Amino acid sequence: MFEPMDDKFFEAPTLELSRDLLGKILVHELPGGIVAGRIVETEAYMGAEDRAAHSFGNRRTKRTEVMFGRSGLVYTYQMHTHTLVNVVSGPEETPRAILIRAVEPVEGVEFMAERRGQHMPMKQWTSGPGKLTKAMGITMDYNGHHFTERPLYIAEGDAVHAVSTGPRVGIGNSQEAVHYPYRFWESDNPFVSKFRP
């Protein structure tokens with residue numbers, strides 16, 4: 001039912017790709033079935049010149065190495081025990097990435113409910129970057145995988161009707177970068193994360 005996007009899709013400039021990812025489907029094929037969510041919120045991190053990026057100043061570490069690779073690679077990292085999943089973008093050696101911040105459940109709702117839904121409304125299952133990876137069973141093991149390849153990939157979805165932009169979330173210590181309008185979301189979608197400056 002879902003087919004991975006081809007390489008070409010991921011070659012768009014980072015800010016354009018951040019917007020283009022909205023409405024696409026993040027798919028995880030698990031032994032028990034498919035779990036999928038429509039991407040409704042992203043954040044761009046512009047690499048060397050962006051104080052909020054892990055790769056600011058072309059910082060190259062074991063963690064950031066994958067960001068220097070080709071566009072469409074998976075960059076995962078952990079923050080407060082949560083796994084966060086990103087799409088590497090930009091030309092090779094230009095360490096940019098796009099954080100997938102929120103998805104709207106499309107398939108595998110029972111699986112998501114088991115992992116997230118015991119005591120909370122559905123709109124809170126995947127309305128944040130750590131929540132969605134937990135709901136979809138996405139782990140650190142996918143670091144360096146490519147989003148055109150199964151079992152974790154991005155597929156075509158429905159176009160978004162309206163896109164809002166604003167500053168990114170939770171990057172308070174990054175000086176002027178705090179204000180960059182590099183967060184993109186589908187306007188009025190209930191699965192978008194709550195903004196906390």
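Trainee: Which residues does Lys24 touch, not counting residues up to four places away in sequence?
Mentor: Welcome! This is a predicted model, in which local features need pLDDT of at least 70, side-chain atom pairs count only at pLDDT 80 or more, and totals for chains, interfaces and linings use all residues. Residues are numbered from 1 along each chain as its sequence is written, and side-chain values use heavy atoms, with hydrogens and water left out. With contact meaning heavy atoms within 4.5 Å, and with residues up to four places away in sequence not counted, Lys24 touches Met5, Phe9, Gly37, Arg38, Ile39, Ile154, Ala155, Glu156 and Gly157.

Trainee: Is Lys24 buried or exposed?
Mentor: Start with its place: Lys24 sits in the loop between helix 1 (14–20) and strand 1 (25–30). Helices (H or I, at least four residues) and strands (E, at least two) are DSSP runs, numbered from the N terminus. Buried means under 20% relative accessible area, exposed over 50%, and partly exposed in between (1.4 Å probe, protein chains only). Because its relative accessibility is 12%, Lys24 counts as buried.

Trainee: With which side chain does the side chain of Lys24 make a polar contact?
Mentor: A polar contact is a pair of N or O atoms within 3.5 Å; within protein, one must be able to donate a hydrogen and the other to accept it, and residues adjacent in sequence count only if both atoms are side-chain atoms. At 3.2 Å, the partner of the Lys24 side chain is the side chain of Glu156.

Trainee: Which residues have the most contacts inside the largest nonpolar core?
Mentor: A nonpolar core is a set of buried Ala, Val, Leu, Ile, Met, Phe, Trp, Tyr and Cys residues joined through side-chain atoms within 4.5 Å. The largest one here has 27 residues, and the elements giving two or more residues to this core are strand 2 (33–45), strand 4 (82–89), strand 5 (96–107), helix 3 (129–136) and strand 6 (152–155). The residues with the most contacts inside this core are Leu26, Val87, Ile100, Phe147 and Ile154.

Trainee: Why is helix 3 largely enclosed by the rest of the structure, and which of its residues are buried?
Mentor: Helix 3 is largely enclosed because six of its eight residues are buried. Those buried residues pack against strand 1, strand 2, strand 4, strand 5 and helix 2. By name, they are Pro129, Gly130, Leu132, Thr133, Ala135 and Met136.

Trainee: At what angle do helix 2 and helix 3 pack?
Mentor: Two packed helices are described by the angle between their axes and the distance between the axes. Axes are lines fitted to C-alpha atoms, for helices over the stretch in contact, and angles run from 0 to 180 degrees between N-to-C directions. The contact is made by Phe111, Met112, Arg115 and Arg116 of helix 2 and Lys131, Lys134, Ala135 and Met136 of helix 3. The axes of helix 2 (residues 109–116) and helix 3 are 8 Å apart, and the angle is about 120°.

Trainee: What is the relative accessibility of Met112?
Mentor: Met112 is found in helix 2. Leaving out residues up to four places away in sequence, Met112 touches Val35, Ala36, Pro105, Glu107, Gly117, Trp125, Thr126, Ala135 and Met136. Met112 counts as buried, because its relative accessibility is 0%.

Trainee: What is the relative accessible area of Phe184?
Mentor: Phe184 lies in strand 8 (residues 183–186). Beyond four places in sequence, Phe184 touches residues including Leu15, Leu22, Val40 and Val163. Phe184 is buried, with a relative accessible area of 4%.
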